Amino acid sequence: MFEVNDLHSAMIHRRRAMEAVNLTPKGKKIVHPAARGPRIFADSAAIGDIRPLYEAGIINGVTTNPTLLKKAGAKSWAEAKKILTAILRLMAPNPVSLELTRTTVEEMVIQAEELRKLGPANAVIKVPIGGYTALAADKDPYTGLKVLRRLWERDIRTNATLVFNSTQAFWAANAGASYVSPFMGRLADYMYKNDQPELAPGNALYHIIDHKNSAGDQRTFNSEYVASGGARKDSGVRLIREIAAIFANFDIHTEILAASVRNPVQLTEVLLAGADILTVPANVLSTVADHPLSNEGMLSFDTDAKVFAK
Ligand code: G3P
């Protein structure tokens with residue numbers, strides 16, 4: 001076993017065992033240099049945003065959820081399915097995550113079959129990992145895990161969503177999820193809003209007040225065992241890092257899909273942390289090729305190049 005901070009060689013090992021993304025067609029002289037590069041998905045249900053990104057080769061997958069579908073204009077399940085069908089057709093054979101809206105195991109399995117049939121074999125069924133008892137106290141807390149296993153048994157690829165700690169990710173993988181979606185941005189947002197700043201990071205999420213390490217230091221103890229340890233601003237990235245370490249430790253091939261990305265800086269951070277896939281909102285994707293110094297350099301090259309127009 002290795003520690004979270006000693007990730008690199010294990011990550012390389014994990015990466016070599018994963019499917020290549022940028023394939024080189026037969027006959028091409030230049031082999032694609034990033035065959036095992038990260039996948040980039042658009043986190044959107046707006047086909048007007050998705051199409052240009054796909055046609056430009058910027059993205060090779062899409063993730064949707066009920067909120068994004070509502071934002072894209074769907075006012076009924078029929079309209080939602082129409083939008084999802086269009087996205088699946090556009091993106092085929094690349095994966096598109098479609099989220100279940102039913103909340104009992106039997107209904108979810110039926111709905112998953114319905115959604116799978118919308119696309120030419122590229123639908124990935126997004127299953128909330130937990131939260132069922134928040135809907136009603138008598139709901140089955142294992143609903144998500146049961147659905148993930150049932151869909152794996154039916155050879156349906158799944159994306160476990162609403163993941164906020166590394167054990168949720170492990171349980172999802174164990175149930176057969178093809179992808180897990182840690183919501184790194186929401187985790188950080190929550191702590192900024194709800195944590196008491198004078199206490200250890202994550203105090204709004206974990207009841208840690210009484211826990212101390214052998215030296216009586218509560219903060220150190222906490223940072224050793226929860227994703228929210230360390231600096232509060234690093235909580236989302238640390239979550240990805242922990243999941244990557246656990247998956248590498250146990251040779252788990254479930255892909256880590258870093259979700260809820262808020263800005264381009266987080267993209268670098270989660271790539272360093274070991275994410276396999278980034279799902280990124282269109283407004284963040286539109287900024288990824290820019291940098292203030294790129295702008296400055298471009299302006300000066302363009303000025304000097306004027307002489308070559310003659
Ligand atoms: O794909 C779902 C996830 O990315 C949600 O993001 O921005 O609603 O926290 P957000």
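Two strands count as paired if DSSP finds at least two bridges between them. Keep that in mind as you look through these views of a predicted model.

**View 1**
Let's start with the big picture. The chain holds 14 helices and eight strands. Eight strands form a closed barrel in the order S1-S2-S3-S4-S5-S6-S7-S8, and the pairing is parallel. Of the 310 residues in the chain, 44% are buried. If you take the contacts with a separation of 6 or more, 60% of them are between residues 24 or more positions apart.

**View 1. Strand S3 next to strand S4.**
Here we zoom in on one pair of neighbours. Strand S3 covers residues 96–99, and four bridges tie S3 to S4 in parallel fashion. Which residue of S4 is the bridge partner of Leu98? That's Ile125. Now bring in helix H5, residues 105–116: together, S3, H5 and S4 make a right-handed β-α-β unit.

**View 2. Strand S4, covered on both faces.**
Is S4 mostly covered or mostly open? Mostly covered, with six of its six residues buried. On one side you'll find Ala123, Ile125 and Val127, and on the other Val124, Lys126 and Pro128, all of them buried. Ile125 is also the residue that partners Leu98.

Look for Pro128, which stands opposite Thr161 in S5. Strand S5 (residues 158–163) is joined in turn to strand S6 (residues 179–182) by three bridges, and these two run parallel. In that pair, Ala160 sits opposite Val180 of S6. Helix H7 (residues 143–153) packs on the sheet, where it touches strands S4 (123–128) and S5, and its direction makes about 160° with that of S4. Helix H8 (residues 166–175) lies across S5 and S6 and runs at about 160° to S5.

**View 3. Leu151 and Glu113, on two helices.**
Leu151 belongs to helix H7, while Glu113 has its place in helix H5. How many residues apart in sequence are Leu151 and Glu113? They are 38 apart, and their C-alpha atoms are 8.9 Å from each other in space. Why do we call Glu113 buried? Because its relative accessible area is 15%, and the cut-off for buried is under 20%. Leu151 is buried too, with a relative accessible area of 0%. Leaving aside residues up to four places away in sequence, Leu151 touches Val109, Ala112, Ile125, Val127, Ile156 and Thr158. Two of those, Ile125 and Val127, share one side of S4 with Ala123. With that same exclusion, Glu113 touches Arg154 and Ile156. So Ile156 is in contact with Leu151 and also with Glu113.

**View 4. The residues around the ligand.**
Which residues are around the ligand? They are Asp43, Asn65, Lys126, Phe183, Arg186, Ala259, Ser260 and Arg262. For Asp43, a side-chain N or O atom is 2.5 Å from an oxygen atom of the ligand. For Arg186, the distance from a side-chain N or O atom to a ligand oxygen is 2.7 Å. Arg262 has a polar side-chain atom that lies 2.7 Å from an oxygen atom of the ligand.

Definitions and conventions
Residues numbered from 1 in each chain as written. Predicted model: local features only at pLDDT ≥ 70, side-chain atom pairs only at ≥ 80, totals over all residues. Heavy atoms only, no water. Contact = heavy atoms within 4.5 Å. Axes fitted to C-alpha atoms, helices over the stretch in contact; angles between N-to-C directions. Buried < 20%, exposed > 50% of the residue type's maximum accessible area, 1.4 Å probe, protein only. Right-handed = clockwise from strand over helix to strand, strands pointing away. Near = heavy atom within 4 Å. Polar contact = N/O pair within 3.5 Å; in protein donor to acceptor, adjacent residues only side chain to side chain.
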